[in-house]
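Visitor: Could you walk me through this one?
Guide: Gladly; here it is.

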Amino acid sequence: MLTMSSLKSDQSKLSPSSVIDLSIFANTEQEPPEECTDFKLCIALQRLLCALRYYTSLNICTNNDHQNIFLNFTNEVYKHPLLVQDFYHFQKQHNQQIYQI
């Protein structure tokens, strides 16, 4: 099982400029409110954006270690159904704010 400490271990394989703060995933129990109007405070959006930053910090196309790191992340940390729920929340609550985001 991947833990926050093993995530840090995985990130130690990356260049210092690629390290992303993944502490937002330490508490994946937190759900976004039903009516979410301020996207800047939205936990679902924060998780999505953090995952995207993490993905872009890796060289998935040519580096097998990076592929495995992100695969572990999506299998153990930001996994289904949380990822799908966050994306659904984003589409439902923040679709009209996409240009602001």
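Visitor: What percentage of the residues count as buried?
Guide: Of the 101 residues of the protein, 37% count as buried, where buried means under 20% relative accessible area, exposed over 50% and partly exposed in between, with a 1.4 Å probe and protein chains only. This is a predicted model, in which local features need pLDDT of at least 70 and side-chain atom pairs count only at pLDDT 80 or more, while totals for chains, interfaces and linings use all residues. Residues are numbered from 1 along each chain as its sequence is written, and side-chain values use heavy atoms, with hydrogens and water left out.

Visitor: How many helices and strands does the protein have?
Guide: There are 4 helices and 0 strands, taken as DSSP runs (H or I of at least four residues for helices, E of at least two for strands) and numbered from the N terminus.

Visitor: And aspartate 86, is that buried or exposed?
Guide: Aspartate 86, which sits in helix H4 (residues 82-94), is buried, with a relative accessible area of 1%.

Visitor: Which residues is it in contact with?
Guide: Neighbours within four places in sequence aside, aspartate 86 is in contact (heavy atoms within 4.5 Å) with Ala44, Arg47, Leu48 and Tyr78.

Visitor: Changing topic, where does glutamate 29 lie?
Guide: Glutamate 29 lies in the loop between helix H1 (4-11) and helix H2 (43-57), and this residue is exposed, with a relative accessible area of 65%.
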